[in-house]
Amino acid sequence: LSTLSEDTTTGLVNGSPAFNEEVKRKLGPSQSFDTAHPAASIAKFADLRYTKFSINGFPGDKHAVFIPDNLTLSPTVLEQICSALDREMPSMFLTGVSSLCHPTKMSTTQLRKCPGFAPLMTEVRSSLGLQTKPGEASKDTDTSNKKLVEVVDHVLEKKIASTVSNIATAACRTNVWIYSGPQISNFEIFMQQYIENGETDAFRMVAAHMQDKSYMESSSARQLMKDLFDSSQAMSPEAVDYGRPLLLQGDLWDPLCNTANPEFAEHGYDYWSFDSLDQKMISGHPITQWPWPHADLFLLFYHEENITGAAQADVDWEFATKTRLDEEAVLFSPETVAPVGYIFIGAPYCWQPQMKRKLLHSIKLANPLVVIDNTPNVSKQVSVFVKAIRNVWDKNPLNACRAFLSNERGAVGGSPTAQDLIQAISPAKLMKHVEREFDSSGMNADERLTLSDIVGLLDLVKRRPQVFKETVCAIDPLMDSAESTITQLMSVFTSQHNCSKEFNSTDLHRSLVLRGWDLHLRLTRRAAHLRRFATGMVFLIASLMLLSTTLAMIRIWLKFHNVLYDAEAALAQQVSAEPEAPVPYERLLNIALVVLPITVLLLLTIQGSFQIAQSWANVHMGASRVVAEIYYFLGCVPPYDQLPAVNQRRFLKRLRDMVKRLSVSGLSGVREEDLVTGSSVPDQANSVDLETLQHEVQHSLYGVEPLWYPCRKIRDTLQACLGGSSWGSLLLSNQEHKDLTAPVTAEMYFDIRMIPLKKHYSEMVRASSRLRMLLHCALMLVICISVGLGATDGFSIWIPVALGLATFVSTLTHWLTPPEVVAAINGALTTLQKLDLRWQGSDIRENRSEATKQRLITATERVVLAVERATSRATAVPEADDEEREIDDGDRDDAGIDSKQSMRSRPISVAVTPLNLGSGAQTPLGIAHARGVQDEMGDDNSSVRWSSRRRH
């Protein structure tokens, strides 16, 4: 048979069934022909078989799903399996990376000598009465004292097992599945200690080949597999719900019955000497004879027996995989279903030469990564590195990172951001810190962290700081509490940056966002200038009208009291005496009574012709719209939910369209050429003072006044002098700088947008209500004075002046504190409060979901636009065209689109001034809008429907 060609052999195998059986019998199970297709096809739900079973001595019912090994398990089929099991699809898979070293042998000499282990060593020595005298060396005695080492190993085992239990708890709360393959590590060994006690509810899944060579070599394991498959039936929800579980005997895991491994027969799971799969002492141990028995779901691939004419394919029990615990025979890739996270537990012996490589590769791919600190070798080194880097997000980051910063002058400013500190970290100093914290002399040279590894990791952190912050954490089992551990783990498991490359962190992305903020600030400054001009016009017109009324009443009063020169009286007195000289102010009063009304009429004409109030409203709404577009872009909210290149092109186009609309009036102060030129220079993103930009944005959006320049200089000087003391920490306690160009998550948006917005609106409504109350009190006082004047005979002539003053106060009231603004702000606060309550009442998995992020950003920006619309009472809000909400391929005719968009606007109300008869607050449309502001903002749960039209 060995001389036959491959084609001839394949033809024989696929020919007579009797010949196939004879060939298999002569070749043996390990040399059987593998007739599986070279390219496996996708499995269907109808191809699966199912058995519900339980194992004697193990808690809970288990589910076995059988898949032919010539079919690949796709995410769609796994979703159908989850539906049949009445379980939600996993949000992430979690797998352990470690050795098979027994949990009671986790410490090493170098680990017991490191500073992080000192508290445990001190406590153990104290409990054993091994107090060390001052100045006496204790490291040698600690190494040679077997009792001390035994107690330390026992305590470390309990601590790590408790940490693994916290990992399982966090996984259960975030719908993360524990995934194991044919080869397990001591991560599963640690976890099963708590599973046996019923202290964890995390769902566990195993994927293996049912005819693995290691399983088929054990007669007990082979019989268990046969019993499972013989009891199987077609996979269906009914089989899961109504099937009776098959009870399997647990003799395979009983040291009294399974004596194939001498150490297991003598010690059970309490001791073994092997720490890798290639050692002889592992032969016959239960952990190699069957998949991990503590799993809840078993995906078992099997090799079918090719029998011609058979109604249903059976299992070829003579088949076995080529290698023991063969992971290549499992046609299932968990990465295609959900992100895969890793738990790295240090190995006392470098059983896996690729452990460092896999750890660094996981950080590069942004896999969720949990490194258990104070475990041996590379895990300890990486934990030290991670904790050093995470100091940049500390409350006092400058002091925490001072030991790692470069000595170059000007590397770090007075108030550095996290990005500045990361850029200033010296790899050489960081490498020395890692060497001080852990002695790597006992490690394999290939498994040590080197300076080149530190440089590569720092480059990754510099390019994607937010990804590193949210996906990598180091857990110290000796010091971290259960609550803080679970919080950190849930944060990593629910991060939206899992397995992402974060394309939006490029220089082009930062440049586009900076251009957007620059456009917002320029529009804000222009709107402030127009607002001051419009307010001055309103105040001037009202003042001139009041002055005209007052001068007219003064002239009448003077005439009634014979103060002014009367021509008839002078003719009557020509004979008797000399005429009285005319009053010198009479001519001025007459001129003023003619000029002032004409001036008021001219000012009203200018106000109506130039539409200053409408121009201010358009520019003001344009600035607000730019902010909404920026946060939509940073949060990847529709219409920016496509590929990064498409989102960037669309963001720039929408900004250009808004500038075009505002440029029609010539009052925006921004040209389209400025926006295009600025956005095409990515290097400008590195030259912008982010601290100054943050202060300006905070002032324009939330009214936060920045520190004066001398005050900032004094603060920076004091910080430089007292940075290492507690006083320096107090100076930095409130100095937290946010990167306004970084992509935002739901948590970031809640912190940097919603919380300041609530505070700003609360202050706004208090200030507006206070000013409105003062103006109303002044109005009531003037009305009371006019009533008093009417009740007095001698002063009733001054009633028109009092009424003119009341009109002046009323005009200012309607202009400075319009009533619809207070209603809009109150409605906005109600909506934000509802969002806040829903946020606080949801778990971290829901808060970090994409739907929650879109709902938060969309609802909040709609609230802001509604408030700004009520404040400005704009006649046309510069919005993007509806067609821009669909995916565009960049091949549209820009000239045609721009000409069409320039003609479109959405009418809201008539342009308003307090002296205009067409005031938006007085028109029916304006009243209806003012009343509907609260209803519009209250719909916080509805999603934004982006309409689209096909252009023909």
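The model is predicted. Glu850 belongs to helix α36, which spans residues 850-872. Helix α3 spans residues 75-84 and has a set of buried residues, with exposed residues on the face turned away from that buried side.

**Glu850**
- The side chain of Glu850 forms a polar contact of 3.3 Å with the side chain of Lys853.
- Beyond the residues within four places in sequence, Glu850 is in contact with Gln496, Gly635 and Cys636.
- Ala746 lies 104 residues from Glu850 in sequence, while the C-alpha atoms of Ala746 and Glu850 are 8.1 Å apart in space.

**Helix α3: buried side**
- The buried residues in α3 are Val77, Leu78, Ile81, Cys82 and Ala84.
- These residues sit on the same side of α3, because they cover an arc of only 160 degrees around the axis.

**Helix α3: opposite face and end**
- Thr76 and Ser83 are exposed and are carried on the face of α3 turned away from its buried side.
- Just after α3, Asp86 adopts a positive phi of about 60 degrees.

How values were computed. Residues numbered from 1 in each chain as written. Predicted model: local features only at pLDDT ≥ 70, side-chain atom pairs only at ≥ 80, totals over all residues. Heavy atoms only, no water. Helix = DSSP H or I, 4+ residues; strand = E, 2+ residues; numbered from the N terminus. Contact = heavy atoms within 4.5 Å. Polar contact = N/O pair within 3.5 Å; in protein donor to acceptor, adjacent residues only side chain to side chain. Buried < 20%, exposed > 50% of the residue type's maximum accessible area, 1.4 Å probe, protein only. Arc of directions from axis to C-beta.
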